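Dear colleague,

Please find below the sequence and structure that I am handing over to you. My notes on pockets, charged pairs and individual residues follow.

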Amino acid sequence: MDTLNQLIQGFISAGTPINLLWCLLGCTIGTAVGVLPGIGPATAVAMLLPITLKVEPTASMIFFAGIYYGAMYGGSTTSILLNTPGEAGSMVTAMEGNKMAKHGRAGAALATAAIGSFVAGTIATVVVTFFAPVVAEYAVRLGPPEYFLLMVLAFCTISAVLGQSTLRGLTALGVGLAMGLVGIDQISGQARYTFGVPEMMDGLEVVLIAVGLFAVAEAMYFVLYEARTVETQNKLSKVHMTRGEWRRSWPAWLRATAIGTPFGCIPAGGSEIPTFLSYATEKKLSKHKDEFGTTGAIEGVAGPEAANNAAITATLIPLLTLGIPTSNTTAILLGAFQNYGIQPGPQLFDKNGALVWALIASLYIGNVMLLVLNLPLVGLWVKLLKVPKSYLYAGILIFATVGVYGMRQSAFDLVLLYGIGLLGVVMRRFSFPTAPVVVGMILGPLAEAQMRNALSIGEGKWGVFVERPMSVSLLVVIVAVLLLPRLMKLRKTLKNR
Amino acid sequence: MKREQTLVGAGVLVLGVLIAAGALQISSDAGYGGVGPNFLPWVVGGLLALCGAFLVWEALTGGFRQLEAASGADSGHWPGFIWVSVGLLANAALITTLGFILSCTLCFVLAVRGFRSAEGRLDLSLRALLVDVLIGIAISAPVYWMFTQALAINLPGLTSTGWL
């Protein structure tokens, strides 16, 4: 009952006209960045971080969250109509959705994507509502050793398990951790790697790294390698699903929600894995296997789209209750909390309860807004795709400048931004993942502090990490996460021999 | 490709060594904890040096593993890249003197030329210039006003009126 009362309080606070307006603005910007190629939710939130200097926390968190899940709705439009997925999470949608669009069923694909996102997003929000307080209550009992190991687990999954190559993932993590080292050490107050530049004392700005790595790098990559390719756009048909399409869609939505939600909850990051899993499940269970990869199967759109929205919403659980981000955007959201001097974690529900519940309530409201924004108004968003790429990318550079400059008023940061952009181009060209950089940079200093606190508790002995049952089980999970996929691969190769 | 991959690996290796060298200058005073502020720098330096060495080895023995072909063309379009680079760096150099709106417009115009030249339809006519300048102002001016007037966040202007 307590949860419901707090949720009602949250609705009252999120339902004020000004907060509703922020929510609508966030959902609108989110859909737009989801639709537009070259700019994603992480970049958009990062560029808008300067508003944390002036806007009060509840409003800006509602706004940022709107961008975050709004982009997942918008992303499906791009992947269905152009064969270029706007977001990593919509990659699978592009496979079937684009096939459907080629056969004149773009409208049905868009409809199942939007309604599926709504269903999955709402169910996942219910899970967040009832599950997050439980996790928070439990997490209060975790001490620095457990926290440190949880963060190590997040590092492992994001760098060594996801992605193509463990080596490149670890390299990216190392680069991120190195960026996190710059500035004043939290515990001893000593300056590290500042090279006597006063701007470096405060550390590198999250905005700078994220905008450089995503927006500027994207623009540079486009001019260098991609500007010469010509895209074709599929025709939009009436956004409508037949009764048969409804019947095929809804089981896929529910199955995908069941797949996506747990994936978001655990620190395993990203929405790629659940979307692929959901796609594979649908393909296996479908009665229309012949449509997959040929004329396009509606289940192949309904499932993955629902899975990515469920996963995205559920990533708020580790973020809010443990303070552990598992994706690029949640890492930047953590940065936004930090700008307000708020540290997400188990105490967040006690100390900033009003803010958290308003945020959760806004998720329900935002999903309804997005359904309206995306179904009847989809034609408007499609018009965004007509903006010439040259103007789009040059415009993104202006927004990048305002985000970075607005944060610290330093022209030096703009030169750094260029450098980070170059780094991003190299990383993209040689297929290094970017999420470990951002997560490593933001979580690195926190993990270091937890580790050193844990060691102080253990009077300098490393044994502190194996003395408590919870930390031992976490260690086991870390080892399992690192070894299991490799053992399974090994078994497969041995079997095939 | 092999040479480029080796360079990337070597770059990571050098970065790791530099971070380790930097760690030498950080105090190791551990206080009550078992490790001091120089511990993580050593770990990160070591990790990067190790990764760098492995990357170089991979590059020399058949290239990076599990590598999908990068999207887009095989070789870069450098003239376009230079336009964009000049735009970004000019913006960094001039933003405090020209003010946000004009400096960003200049960056916009230069970058648009870069993207167009990469697309193979560079247009250096006066008319195209005029159109691009107007569009650049139409984007940067409202952004500037939103930040300075609505959010009261300081951005540099040519004048101190907050409007230009």
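**Salt bridges and their surroundings**

D185(A) forms a salt bridge with R192(A), with 3.8 Å between the closest N and O atoms; a salt bridge here is a side-chain nitrogen of Lys or Arg within 4 Å of a carboxyl oxygen of Asp or Glu. D185(A) and R192(A) are both buried, where buried means under 20% relative accessible area, exposed over 50% and partly exposed in between (1.4 Å probe, protein chains only). A network of salt bridges links D185(A) and R192(A) with E448(A) and R452(A).

As to provenance, this is a predicted model, in which local features need pLDDT of at least 70 and side-chain atom pairs count only at pLDDT 80 or more, while totals for chains, interfaces and linings use all residues. Residues are numbered from 1 along each chain as its sequence is written, chains are lettered from A and ligands numbered from 1 in the order in which they are written, and side-chain values use heavy atoms, with hydrogens and water left out.

Over all chains, the salt bridges number 15 by this rule. Side chains of opposite charge can pair when their charged atoms come close. One such pair is R428(A) with E218(A), at 3.3 Å from N to O. R428(A) belongs to helix α20 of chain A and E218(A) to helix α10 of chain A, so the pair ties together parts that are 210 residues apart in sequence. Helices (H or I, at least four residues) and strands (E, at least two) are DSSP runs, numbered from the N terminus. R428(A) counts as partly exposed because its relative accessibility is 31%, and E218(A) is also partly exposed, with a relative accessible area of 21%.

A further salt bridge joins the side chains of E282(A) and R255(A), at 2.9 Å from N to O. This pair links distant parts of the chain, 27 residues apart: E282(A) is in helix α12 (residues 272–285) of chain A, and R255(A) in helix α11 (residues 243–265) of chain A. With a relative accessible area of 1%, E282(A) is buried, whereas R255(A), at 31%, is partly exposed.

E226(A) lies in helix α10 (residues 206–226) of chain A. Neighbours within four places in sequence aside, E226(A) is in contact (heavy atoms within 4.5 Å) with Y221(A), R428(A), S71(B) and G72(B).

S165(A) sits in the loop between α7 (144–161) and α8 of chain A and is buried, at 7% relative accessibility. A polar atom of its side chain lies 3.3 Å from the backbone nitrogen of L167(A). Again setting aside neighbours within four places in sequence, the contacts of S165(A) are S159(A), R65(B) and Q66(B).

**Positive phi values**

Q409(A), which is not a glycine, has a positive phi near 50 degrees. Q409(A) is in the loop between α19 (389–408) and α20 of chain A and is partly exposed, at 35% relative accessible area. E459(A), likewise not a glycine, has a positive phi of about 50 degrees. E459(A) is in the loop between α21 (435–457) and α22 (469–496) of chain A and counts as exposed, at 63% relative accessibility.

**Pocket and cavity**

The second largest pocket holds about 850 Å³ of space. It has 30 lining residues, of which A178(A), M179(A), F195(A), L15(B) and I19(B) are the closest to its centre. On a 1 Å grid over the protein atoms alone, a cavity is a set of points where a 1.4 Å probe fits but cannot get out, and a pocket is an open set with protein on both sides within 12 Å along at least five of seven lines; lining residues have an atom within 4 Å of a point. Grid points are joined across faces, edges and corners, and a volume is the space filled by probe spheres set on the points. The largest share of this pocket's lining, eight residues, comes from α1(B).

The whole structure has three cavities of 30 Å³ or more. The largest cavity contains about 50 Å³ of space, and its lining includes Y73(A), L110(A) and N374(A).

Kind regards

Key:
A polar contact is a pair of N or O atoms within 3.5 Å; within protein, one must be able to donate a hydrogen and the other to accept it, and residues adjacent in sequence count only if both atoms are side-chain atoms.
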